[in-house]
There are 2 protein chains.
Amino acid sequence: MDVGRRLHVAKVEAALLKGFRDYMNSQGFIEVQVPHITKATGACENVATMFYLDYFGRRAYLTQTAQLHLEILSQLIDTGKVYTLIRSFRAEPDVDDRHLTEFSLFEFEHVGGFDELLKHIEYTVYWGVHQVAEEFPDILTSFGVNEAWVDQFKPPYKKMRYDEAIDFLNKKGFDLKYGDDLRHVHEKVIAEEFGPTFVTHWPKHLKFFNMREDPENPSEVVSADLELPLVGESVGSAEREYRYQRLYDRLVESDMYKMLVEYGGDVSDWDWYLEFWKTIENPRLHSGCGIGVSRVVQSLLGLDSVKHAVVYPMDRLSIY
Amino acid sequence: MDVGRRLHVAKVEAALLKGFRDYMNSQGFIEVQVPHITKATGACENVATMFYLDYFGRRAYLTQTAQLHLEILSQLIDTGKVYTLIRSFRAEPDVDDRHLTEFSLFEFEHVGGFDELLKHIEYTVYWGVHQVAEEFPDILTSFGVNEAWVDQFKPPYKKMRYDEAIDFLNKKGFDLKYGDDLRHVHEKVIAEEFGPTFVTHWPKHLKFFNMREDPENPSEVVSADLELPLVGESVGSAEREYRYQRLYDRLVESDMYKMLVEYGGDVSDWDWYLEFWKTIENPRLHSGCGIGVSRVVQSLLGLDSVKHAVVYPMDRLSIY
């Protein structure tokens, strides 16, 4: 990609983030700044992709998600709503069109349930896209993006349960069974058919330990991935567990935790987090998400590589 | 500091950043996202305080400043103006009221010279403070901040050359000679006397290799530190060198570089940056700065520790 186009992408990213923040601010969310060097509390699902470093003699990690750090603030702050923009780090050795070792992740957390969560995600994405269209219509045109493509980001988005998604995909010729994770190709087929689509209520074993079990079916969690056209999964989200004992049990039973123990870690990394839930009076149901900024840029502009959606694309071989 | 007050501080930080971005956007600056894992190109003056990690078999660092990454974008983008908010990392073992191992740094870079630079810094700070006063007057009152305290952040700020600052401080009873670095106590005395004050035109050996030499006195650089009441240095800024050979020479002659070589580094870390200046046609004079967000918060609210100016205060002992 030539420099001129890459700088156009930078402007699109800037406008998108302005729209994200404007929506959040309009709803009473407070922007917060969170640590990027963390204990294992910064882990996403796959501990094997965490960068680590020597932090004054102890092992520390580069964050992948701020969700645990945000959860606590959402309980404490009077508006019950916080957001942040972090760099999310992945020690991902693949040099290809889908992976970056470092990227911008827009995360929010609020006191409230699933319907409100999905609404906030839809409108955050839409305000971002709308800001781009307002500010840089000529750039959109130069990427061949027309009004119909922009309009598909307008809420509400299609909602589809995970089990319905499996049925749909099998009708499309795939051979999936309940419990399988969706891969990139599956996500793209869903978004190609329905536009931006929330796939909801995933089997628990596929998802993060803090996602709340569906009271009506505890083998599934109240979670949603947003699949966007051309790129697939762009947002991960869920209601969170907030009962101390259940959180503790879910954590130590998780595959992520077992992997961490193999690397020499232990539960003490989560002490400050678990202690909070053990001692808080009247914890409230809360929900949150992480929006992959470059994925949204890539979907909006129809770019064939996520590396074209950022100014400094980083992978195993590229560092600046 | 109790939790309620800390959350008030979070709101002040959020409003301050909104004001910063609003000013930048009003002036045609484009927000960009930059790598936080870097080569030695992420170094500030003191290489000894860089966190490092194994990046697929090579030594990499956690950024301290995005200035080199921004410089290049400022040359390339049509508006000639970019900004970013990064986490700046310091492997600083002191556990005290002045140091954090990680903090938010607001940086901008623009094609243009010194007068414009100082104007942009003044107005960025002022728009931030003004946004706080608009959005959260009750929080300011609860911290005992009155109108007169807020008003002192209104531009223009006092400007004082480094040699004048030395004279002033010696009249105040200090025993400094030309070439000495200013310490915290000196910075505070200056800001106590004059309010927010730019100390300009520093001896070259005290400052970063990319700062432009004063054509009228090449032993000094065209740089400015902004000293704020109660906290001292809160912004570092300068015109940048942009002639390839001079940049190269200044880099390899710098104390920072010599220290890096002792740690096993070499000039190849800067290849991509130097190559840019070697090959660009018509490089343009540019300038930039880094604003310590928590320092501004601390000065505005009159907090006695920088650890009270952030939500998750990080030091050698505190990690989350």
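The model is predicted: local features need pLDDT of at least 70, side-chain atom pairs count only at pLDDT 80 or more, and totals for chains, interfaces and linings use all residues. Residues are numbered from 1 along each chain as its sequence is written, while chains are lettered from A and ligands numbered from 1 in the order in which they are written.

**Symmetry**

- Chain B is superposed on chain A by a rotation of 180° with 0.0 Å of shift along its axis, at an RMSD of 0.0 Å (least squares on the C-alpha atoms of residues with pLDDT of at least 70 in both copies).
- This is the relation of a two-fold axis.
- The C-alpha of B:L53 is the nearest to the axis in chain B, at 2.6 Å from it.
- Both copies use the same surface, as 100% of the contact residues of chain B recur in chain A; two residues are in contact if their C-beta atoms, placed from the backbone, lie within 7 Å.

**Fold of chain A**

- Chain A has 11 helices and 12 strands (DSSP runs numbered from the N terminus, with helices being H or I of at least four residues and strands E of at least two).
- The radius of gyration of chain A is 19 Å, close to the 20 Å that the globule rule gives for 320 residues, so chain A is as compact as a globular protein of that length. The radius is taken over C-alpha atoms, and the rule is 2.2 Å times the number of residues to the power 0.38.
- The C-alpha trace of chain A spans about 55 × 45 × 40 Å along its principal axes.
- Of the 320 residues in chain A, 52% are buried (20 or more other C-beta atoms within 10 Å of the residue's own; exposed means 12 or fewer, partly exposed in between; C-beta atoms are placed from the backbone).
- Among contacts in chain A between residues at least 6 apart in sequence, 72% join residues at least 24 apart.

**Three-stranded sheets**

- In chain A, three strands form an open antiparallel sheet in the order 2-4-3; strands pair if DSSP finds at least two bridges between them.
- Strand 2 (37-38) and strand 3 (52-55) of chain A are at the edges with a single partner strand each, so one side of each is left without a neighbour in the sheet.
- Strand 2 of chain A pairs with strand 4 (residues 58-62) of chain A over two bridges, in the antiparallel sense, and A:T38 stands opposite A:Y61.
- Chain B also has an open sheet of three strands in the order 2-4-3, with antiparallel pairing. In strand 4 of chain B, B:L62 is the residue opposite B:I37.

**Contact between the chains**

- The contact takes 40 residues from chain B and 40 residues from chain A.
- Helix 1 of chain B gives the most to the side of chain B that touches chain A, with seven residues.
- That side of chain B has 27 nonpolar, six polar and seven charged residues (Ala, Val, Leu, Ile, Met, Phe, Trp, Tyr, Cys and Pro count as nonpolar, Asp, Glu, Lys and Arg as charged, and the others, Gly among them, as polar).

- The largest nonpolar core has 185 residues, and A:L16, A:V82, A:V297, B:L16, B:V82 and B:V297 have the most contacts inside it. Such a core is a set of buried Ala, Val, Leu, Ile, Met, Phe, Trp, Tyr and Cys residues joined through C-beta atoms within 7 Å.
- Leaving aside neighbours within four places in sequence, B:V297 is in contact with B:V9, B:V12, B:E13, B:L16 and B:A309.
- A:V32 lies in the loop between strand 1 (30-31) and strand 2 of chain A, and counts as buried with 25 C-beta neighbours inside 10 Å.
- Beyond neighbours within four places in sequence, A:V32 is in contact with A:L73, A:V82, A:T84, B:A10, B:A14 and B:V311.
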